[in-house]
Amino acid sequence: MALHGIEGLNLTVVQWDSITTDLLGSIAPEIILAPLLSARFDILDLARLLKSLGYRGALRAYSAPLPNAKVIRSEVKVEFPDLDFTIFEVPPGPEREH
């Protein structure tokens, strides 16, 4: 719903267990957007998986506002120095500006 009206955008939603070399090759994503932390994985787990599958695009995490996102970005940068990574901090629904 938040992307309603945006043109020229092709989105593919996949589950953790579906991420394979074949999938990445078929959809050829330029950017992957994922939660910073979920019940099944965190962004470091995803970055490791994507690296092992040869992904070279950007990775973006989304999260509720964090006390210090810079610490997390630094941690990711240490393990994945060449990864184009950042975090989008998204306030809860009613606080978002449209």
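Contact here means heavy atoms within 4.5 Å. Keep that in mind, since much of what follows is about who touches whom. What you have above is a predicted model, in which local features need pLDDT of at least 70 and side-chain atom pairs count only at pLDDT 80 or more, while totals for chains, interfaces and linings use all residues. Residues are numbered from 1 along each chain as its sequence is written, and side-chain values use heavy atoms, with hydrogens and water left out.

Let's start with the overall layout. The protein chain has three helices and three strands, and from the N terminus they come in the order α-β-α-β-α-β. Helices (H or I, at least four residues) and strands (E, at least two) are DSSP runs, numbered from the N terminus. Of the 98 residues in the protein chain, 27% are buried; buried means under 20% relative accessible area, exposed over 50%, and partly exposed in between (1.4 Å probe, protein chains only). Take the contacts between residues at least 6 apart in sequence, and 69% of them join residues at least 24 apart. The protein chain exposes about 7400 Å², with carbon and sulfur atoms supplying 55% of that area; accessible areas come from the Shrake-Rupley method with a 1.4 Å probe, and for residues only the protein chains shown count as cover.

Now look at α2. Which of its residues are buried? They are I43, L44, L46, A47 and L50. These residues cover an arc of only 160° around the axis, so they sit on the same side of α2; the arc is that of the directions from the helix axis to the C-beta atoms. An α-helix has 3.6 residues a turn, so residues three or four places apart point the same way. The cover over the buried residues of α2 includes α1, β1, β2, α3 and β3.

The ends of this helix are worth a glance too. After α2 comes G54, which has a positive phi, near 85°.

Next, the charged pairs. Side chains of opposite charge can pair when their charged atoms come close. A salt bridge is a side-chain nitrogen of Lys or Arg within 4 Å of a carboxyl oxygen of Asp or Glu, and by this rule there are four salt bridges. D17 pairs with R40, their closest N and O atoms being 2.9 Å apart. That pair links distant parts of the chain: D17 is in the segment before α1 (21-27), and R40 is in the loop between β1 (31-35) and α2 (43-52), 23 residues apart. Both D17 and R40 are exposed.

R48 and E79 make another salt bridge, with the closest N and O atoms 2.7 Å apart. Here R48 belongs to helix α2 and E79 to helix α3 (residues 69-79), 31 residues apart. R48 is partly exposed at 37% relative accessible area, and E79 is partly exposed at 34%.

Finally, D84 forms a salt bridge with R60, the closest N and O atoms lying 3.0 Å apart. D84 is in the loop between α3 and β3 (85-89) and R60 in strand β2 (residues 58-63), so the pair ties together parts 24 residues apart in sequence. Is R60 buried or exposed? R60 is buried, with a relative accessible area of 13%, whereas D84 is partly exposed at 41%. Leaving aside neighbours within four places in sequence, R60 is in contact with I31, I32, L33, A34, D84, F85, T86 and F88.
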